[in-house]
Amino acid sequence: LAKIEANYRGVDEAIFFDIHGNISEGSGDNIFVVKDGAIITPPTLNNLRGITRQVVLEIAESMGITLLERNLGYYDLYAADEVFVTGTAAEVGPIREIDGRIIGNGKPGPVTRQLMAAFKTVTQKEGSPIDE
């Protein structure tokens, strides 16, 4: 229902919050904030422990990127340098705007772009091809 409402409002994704007002996840993906070069993501208490989320965390760790798992609120989204989501369908998807507010410069940031490229490399090397 959240995805339907988001589409009705002309946006691509909905963001879920827990009962305490902390960010939980998107309607079909996990959410990440990049601030000062560090990746911050909500703990998996109230959201799915996504496989793609885990792969991206492993990639980021191998690249030496600081990873933090902590509660996030609206302010963290609005003040982020970058925001991205991960999921089976989304893979690593940059978020350019939230509630009409441009994130960073409105384009995928350097950390997001690095992770997108690294994730593509991992899936091409380790993934199983689907016969057409």
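Visitor: Across which strands does helix H2 lie, and at about what angle does it run to E6?
Guide: Helix H2 (residues 51-62) lies across strand E3 (30-35), strand E4 (38-41), E5, E6 and E7, and its direction is at about 130 degrees to that of E6. Helices (H or I, at least four residues) and strands (E, at least two) are DSSP runs numbered from the N terminus, and the angles, from 0 to 180 degrees, are taken between the N-to-C directions of axes fitted to C-alpha atoms, for helices over the stretch in contact. This is a predicted model, in which local features need pLDDT of at least 70 and side-chain atom pairs count only at pLDDT 80 or more, while totals for chains, interfaces and linings use all residues. Residues are numbered from 1 along each chain as its sequence is written, and side-chain values use heavy atoms, with hydrogens and water left out.

Visitor: Which other helix lies across E3, E4, E6 and E7?
Guide: Helix H4 (residues 110-126) does, running at about 160 degrees to E7.

Visitor: How do you know that the length of H2 agrees with its number of residues?
Guide: The expected span is 1.5 Å times one less than the number of residues, so the 12 residues of H2 should span 16 Å, and the end C-alpha atoms, 17 Å apart, agree with that.

Visitor: What makes some residues of H2 count as buried, and which are they?
Guide: Buried means under 20% relative accessible area, exposed over 50%, and partly exposed in between (1.4 Å probe, protein chains only); in H2 the buried residues are Thr52, Arg53, Val56, Leu57, Ile59 and Ala60. They lie on the same side of H2, because they cover an arc of only 160 degrees around the axis, judged by the directions from the helix axis to the C-beta atoms. On the other side, Ile51, Glu61 and Ser62 are exposed. The buried residues pack against E3, E4, E5, E6, E7 and H4, where contact means heavy atoms within 4.5 Å.

Visitor: What is the strand order of the open sheet, and which strands are its edges?
Guide: The 5 strands stand in the order E5-E4-E3-E6-E7, with mixed pairing; the edges are strand E5 (67-69) and strand E7 (91-95), each of which pairs on one side only. From one strand to the next, the twist averages 30 degrees.

Visitor: How do you know that E3 pairs with E6 and with E4?
Guide: Two strands pair if DSSP finds at least two bridges between them; 5 bridges join E3 to E6, and 3 join E3 to E4, so both couples meet the definition, and both are antiparallel. Ile31 stands opposite Val85 in E6, while Val33 stands opposite Ile40 in E4. E3 is mostly covered, with 5 of its 6 residues buried.

Visitor: What makes the meeting of Glu69 and Arg53 a polar contact?
Guide: A polar contact is a pair of N or O atoms within 3.5 Å; within protein, one must be able to donate a hydrogen and the other to accept it, and residues adjacent in sequence count only if both atoms are side-chain atoms. The side chains of Glu69 and Arg53 make such a contact at 2.7 Å. Glu69 is also 5.0 Å from Thr41, C-alpha to C-alpha, although the two are 28 residues apart in sequence.
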